[in-house]
Amino acid sequence: MNIQSLSVCVPAKRCINDCKFCCSKMHTADYRDNFTDILRYSDYSDDMRKRLTYARDNGCNTCMLTGNNEPQQNKEFLRVFSEVNKTLPSPFLNIEMQTSGAFIDADFLDFFKYSVGLTTAAVSIACLDDDEANREMIQTKDSGLKLSDLCKEIKKRNINLRLCLNMNDSMLLNHSYTPETIVSLCGELGADQITFRALWSSDDDTDQSKWINENVTDITYNFIKELKADVIAKGKYLDTLEYGASRYDYYGFSVVVDEDSMSQEKNTEAVKYLILRPDGHLYSKWDSKASLIF
């Protein structure tokens, strides 16, 4: 089994954001929050330890803290995760976090690095050059969220900075929509890595699907096509990730064009993600409870 990463879903009752393109709201299968519901954390810790060990035994080296909400919403869970990880025969050393950055301050980043062991902050962005538009699309209550300040604090702690661009027609409002422009703006923010993410849309009638259909048009599709061709032509091939996406050195940045963010491709034997849900069980697909492993 080839696994890119283990995604650990950090439980919370409700996300502090309400992203207009949120994929979690397009696959709403209910996973019981056994971490909060179990009276003794030790019970859940045993389940977590088995799943973390299983992922490591199958060659998975990267753990991504994520979920249907922001990881920073549940410090107690993160403490338990850190304690369990340290007890593994071979602990995860590469620990990443997917976040919009909402309500993350200097103290939170210190906690993430020195208590949890965070090595990479993957900052999810809807608009790169306009903070107000970015906040509006992720619908956050953090009116002070400013990408330049957040990225500066991340880099100050020597944490790797990956900018995850959720590609839509409004990714740039104040600049020309070209690969060179986007890469330059990412460089100004201090990015080490850039992921261009094609937004996934379900076939149902959710508000999120409607928003994607209205805001991801030929402007974005043509850009992704142009970008991919430019990365291949001008970039230096680095390696191929376990699930098949290629990584390139593009203008000095590690760049991936992810056209399969929900792991829908069926022409590979690789497992892109393993997912540890709040119920304490391990799955291989984001949108299918039938993908239960154990």
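I started at T195, which is found in strand β6 (residues 193-198); strands are DSSP E runs of at least two residues, helices H or I runs of at least four, numbered from the N terminus. T195 is buried at 13% relative accessible area (buried is under 20%, exposed over 50%, partly exposed in between, 1.4 Å probe, protein chains only). Leaving out residues up to four places away in sequence, T195 touches R162, L163, C164, L165, V256 and D258 (contact: heavy atoms within 4.5 Å).

This is a predicted model: local features need pLDDT of at least 70, side-chain atom pairs pLDDT 80 or more, while totals for chains, interfaces and linings use all residues. Numbering runs from 1 along each chain, and side-chain values use heavy atoms, without hydrogens and water.

Next, I looked up R162. R162 forms a salt bridge with E96, the closest N and O atoms being 2.8 Å apart (a Lys or Arg side-chain nitrogen within 4 Å of an Asp or Glu carboxyl oxygen). E96 lies in strand β3 and R162 in strand β5, so the pair ties together parts 66 residues apart in sequence. Both E96 and R162 are buried.

I searched the whole structure and found 12 salt bridges. In helix α2 (residues 41-57), R49 pairs with D46 at 3.1 Å. R49 is partly exposed at 27%, and D46 is partly exposed at 40%.

K234 and D230 meet in another salt bridge, at 3.3 Å. They sit four residues apart in helix α9, about one helical turn. D230 counts as buried at 14%.

I also noted that D110, E153, K156 and R157 join into one network through shared partners.
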